[in-house]
Amino acid sequence: MLAEIKGSLKLLQLGLSEAVWQTRCVICDVPGAALCDKCSRELPYLDQLSACPLCGAPWGRGICCECNQQTLRWKGLARFPLDGCVSAVLLSPETKRIVTVFKDRGERQLSEIIAHHMANVLPPSWQAEAVLVPIPARTNAVRERGFDHISLIGAELSRITGMPLIPLLRAKPRRDQRDLDARQRLANMAGSFDLEPNGPSPYGNALKERLGIMPHIVLIDDVFTTGATLFTAGNTLRAAGAKEIYAVTFIRA
């Protein structure tokens, strides 16, 4: 009964908000939806048939410039830290605006739109007996925005795919890395995640013991830039015993 009342109040709140501030497309400003059909069709979708089958880099299926041994060596990596990675769209002014409006302006309707695009590129083989693990936001970022944007995307992705969402990681303090190159980002991210001991995990205190036999993990993030965040998260889980770790993002830079 209480849940029904809360749901009704939420619908009423959304209705009143829509009456005062009508939803408009974040790209073209046409009223009606947070992302109109025209702008959605014109997004720079990443061609999965041309992407690298390992790291998901655009046009990397033949010879990948991002996960070859020379590039990995330059980054200080012995191997690509994930077992696979896919992204829905390429970085562009339009896709960047979608994420920016969602994160910094609180347009939460975009979480469902972003999640749908991510669900469309998730390989079926990754989804069997898999769990979704969101990249946790920094405490300061959550405080400033009032919400954890990746957790919202994860909740929608879980609803769409039926895959359970389990926040296995927690963020530790780190320097802002927007002005850092790939090697600096990897160094900056080192040690920036830990296992979440108090998250709603069905494995409780036996989490470390269960990671080794857990179905494979799919990390969730909004943007893949250099991969430093996802690599560090994957290494944290692998060090704790996880075997197969994949990643899906909305944007690939």
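**Strand 5.** I began with strand 5 and found that 7 of its 8 residues are buried, so that the strand is mostly covered; buried here means under 20% relative accessible area, with a 1.4 Å probe and protein chains only. Strands, like helices, are DSSP runs numbered from the N terminus, with at least two residues (E) for a strand and at least four (H or I) for a helix.

**Basis.** I noted that this is a predicted model, in which local features need pLDDT of at least 70 and side-chain atom pairs count only at pLDDT 80 or more, while totals for chains, interfaces and linings use all residues. Residues are numbered from 1 along each chain as its sequence is written, and side-chain values use heavy atoms, with hydrogens and water left out.

**Neighbours of strand 5.** I looked up the pairing, for which DSSP must find at least two bridges between two strands. Strand 5 (residues 217–224) runs parallel to strand 6 (residues 245–252), and 7 bridges join them. Along this pair I found Ile217 opposite Ile245, and Val218 with Tyr246 as its bridge partner. Strand 2 also pairs with strand 5 in the parallel sense, over 4 bridges, and there Pro134 has Ile220 as its bridge partner.

I then traced the open sheet of 4 strands, which has the order 1-6-5-2 with parallel pairing. Its edge strands, each pairing on one side only, are strand 1 (84–90) and strand 2 (131–134). Neighbouring strands are turned by 25° against each other on average, direction ignored; the axes are lines fitted to C-alpha atoms, for helices over the stretch in contact, and angles run from 0 to 180 degrees between N-to-C directions. Helix 5 (residues 110–121) packs on this sheet and touches strand 1, strand 5 and strand 6, its direction making about 130° with that of strand 6; contact means heavy atoms within 4.5 Å.

**Helix 11.** I followed the chain to helix 11 (residues 228–239), which lies across strand 5 and strand 6 and runs at about 160° to strand 5. Strand 5, helix 11 and strand 6 make a right-handed β-α-β unit, which means that, with the strands pointing away from the viewer, the path from the first strand over the helix to the second runs clockwise. Because 9 of its 12 residues are buried, helix 11 is largely enclosed by the rest of the structure; among the buried ones I listed Leu230, Phe231 and Leu237. I checked its length too: at 1.5 Å a residue the 12 residues should span 16 Å, which agrees with end C-alpha atoms 16 Å apart, the expected span being 1.5 Å times one less than the number of residues. Just after helix 11, Gly241 takes a positive phi of about 120°.

Note on methods: Buried < 20%, exposed > 50% of the residue type's maximum accessible area, 1.4 Å probe, protein only.
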